[in-house]
Amino acid sequence: MAVVTGRKLDAPAVRADFPIFEQRFHGKPLAYLDSANSSQKPRQVLAAMQEFYETSYANVHRAVYELGERSTAALEGAREKAARFLNAPSARDVIFVRNATEGLNLVAYSWGLNNLGAGDAVVVTELEHHSNFVPWQYIARRHGAEFRMLPLDEQGELDLSGLDEVGRSANVKVVATNLVSNSIGTINDLGRLVSWAHEQGAIFVCDAAQAAPHMAVDVQALGVDFLAISGHKMCGPSGIGALWGRAELLQSMEPFLMGGHMISSVGFERTTWGELPHKFEAGTSPIAEAVGLGAAIDYLEAIGLDAVESHEHELAAYALEQLQELPGVRLYGPPADRRAGIVSFNVQGIHPHDVAQVLDSEGVCIRAGHHCCQPLMAKLGVMATNRASFYLYTVREEIDQLVAGVRKAQRIFA
Ligand SMILES: Cc1ncc(COP(=O)(O)O)c(C=O)c1O
């Protein structure tokens, strides 16, 4: 485990926990600047999953033998860790899902299908990932509800000046936004929006897929009603995420997926649902993945989310400063102090895919595309951007490698 002194993160020491960095790509050290897409995994997470498979694996909640009890305890232990990580009042209200997308769909279907109708409105923002946009658009349209978008200002931050007008002209039932934008890194100050949503009698659904890896996320302090995260973005394995929901809402909702495990009793005439969280966890759980997520939470907590956050702010400031000096580079999003470690940019005259391909030849991984944010791209007036994103293992040398690679692309395409 990497050593952290005070609040300062020792990135080279953290990096040594991640075996992926032992390789070279195209003869160059790996500069992995695509963590907003998916993060790399430390040895501690890989070892926890391997040990679990080697010593404790069986199906959960149904075995009457000791091995099954051990496996069930591991799954439920991971749920306790996830609840603590989110400061959830009870682990019972933390549902394991495949990823944030599934968590958000669960709310849209299970809550939305039964609570939205003609004359109601769902409000999202121009900053949303498709995962917190498309399900709401679909459910709203299917039930004749209005689908509205809150705009962004010039800096790429939420413009809340029109809230009163929205409140006067619409019967708002759902407000759904992210906490951190995956495209341009904006950290949204949700306080006013959450209060406003509740004044309207609406529920507030928070997509924290991009926030949870990078900053402390506290469902009680945020005051939201639902919050979704993905394990693979926060040093955990793919195939596991979590949805936290307010107990009274979860209890009032119908299940999303149906089948084994989520029932209380099944008869020819009628089936009744199990208790929380099982009501929302049909079928065999992602057991080893939950163990991996629990290990990832332990890892992040040992390092400290505040240390991760300030490390990323420093890297974002450095990257913005370096990229700004390059002629023909356009940057998107707010100043470094109001964004996570995510920098979106375009290079004049070069398609983002070409930039990314040249960077790959230099060992640099970035994402190029619309980042599952086509409404935001439309707002920015572009089809795509390049996006470099940083995490706890990112070092400045990788940003230097990025800048050198962009210079190379400019020379090639001059
Ligand atoms: C802000 C945000 N929301 C939702 C998602 C969807 O995450 P997943 O693909 O893990 O479901 C992502 C993934 O990039 C994201 O960045």
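A polar contact is a pair of N or O atoms within 3.5 Å; within protein, one of the two must be able to donate a hydrogen and the other to accept it, and residues adjacent in sequence count only if both atoms are side-chain atoms. Keep that in mind as we start at the ligand. This is a predicted model, where local features need pLDDT of at least 70 and side-chain atom pairs count only at pLDDT 80 or more, while totals for chains, interfaces and linings use all residues. Residues are numbered from 1 along each chain as its sequence is written, and side-chain values use heavy atoms, with hydrogens and water left out.

So what sits around the ligand? The residues there are Asn99, Ala100, Thr101, His129, Ser131, Asn182, Asp207, Ala209, Gln210, Ser230, His232 and Lys233 (a residue is near a molecule if one of its heavy atoms lies within 4 Å of it). Take Ser230: an N or O atom in its side chain is 2.5 Å from an oxygen atom of the ligand. The side chain of Lys233 also has an N or O atom 2.5 Å from a ligand oxygen. For His232, the distance from a side-chain N or O atom to an oxygen of the ligand is 2.6 Å.

Now for the helices. Helices (H or I, at least four residues) and strands (E, at least two) are DSSP runs, numbered from the N terminus. Axes are lines fitted to C-alpha atoms, for helices over the stretch in contact, and angles run from 0 to 180 degrees between N-to-C directions. Angles under 35 degrees count as roughly parallel, over 145 as roughly antiparallel, 65 to 115 as roughly perpendicular and the rest as oblique.

Look at helix 4 (residues 100-115) and helix 5 (residues 134-142): their axes come within 9 Å and cross at roughly 20 degrees, so the two helices are roughly parallel to each other. Their contact (heavy atoms within 4.5 Å) involves Asn105, Val107, Ala108, Tyr109, Gly112 and Leu113 of helix 4, together with Pro135, Trp136, Tyr138, Ile139 and Arg142 of helix 5. Sorted by class, that makes eight nonpolar, two polar and one charged. Here Ala, Val, Leu, Ile, Met, Phe, Trp, Tyr, Cys and Pro count as nonpolar, Asp, Glu, Lys and Arg as charged, and the others, Gly among them, as polar.

Next, helix 3 (residues 66-85) packs against helix 10 at an angle of about 40 degrees, with the axes 8 Å apart. That makes helix 3 oblique to helix 10. Helix 3 brings residues including Ser71, Ala74 and Leu75 to the contact, and helix 10 brings Ile287, Ala290 and Val291, among others. In this contact there are ten nonpolar, two polar and four charged residues.

Helix 12 (residues 352-361) and helix 14 (residues 396-412) have axes 9 Å apart and an angle of about 120 degrees, and are therefore oblique to each other. Val358, Leu359 and Ser361 of helix 12 meet Leu402, Gly405, Val406, Lys408, Ala409 and Ile412 of helix 14. The class count is six nonpolar, two polar and one charged.

Finally, a few loops have backbone details to find. Pro277, in the loop between strand 12 (271-273) and helix 10 (287-303), is joined to Leu276 by a cis peptide bond, with omega about 0 degrees. His261 isn't a glycine, yet has a positive phi of about 75 degrees; look for His261 in the loop between helix 9 (247-252) and strand 11 (263-266). His371 has a positive phi too, near 55 degrees, and lies in the loop between strand 16 (367-369) and helix 13 (374-380).
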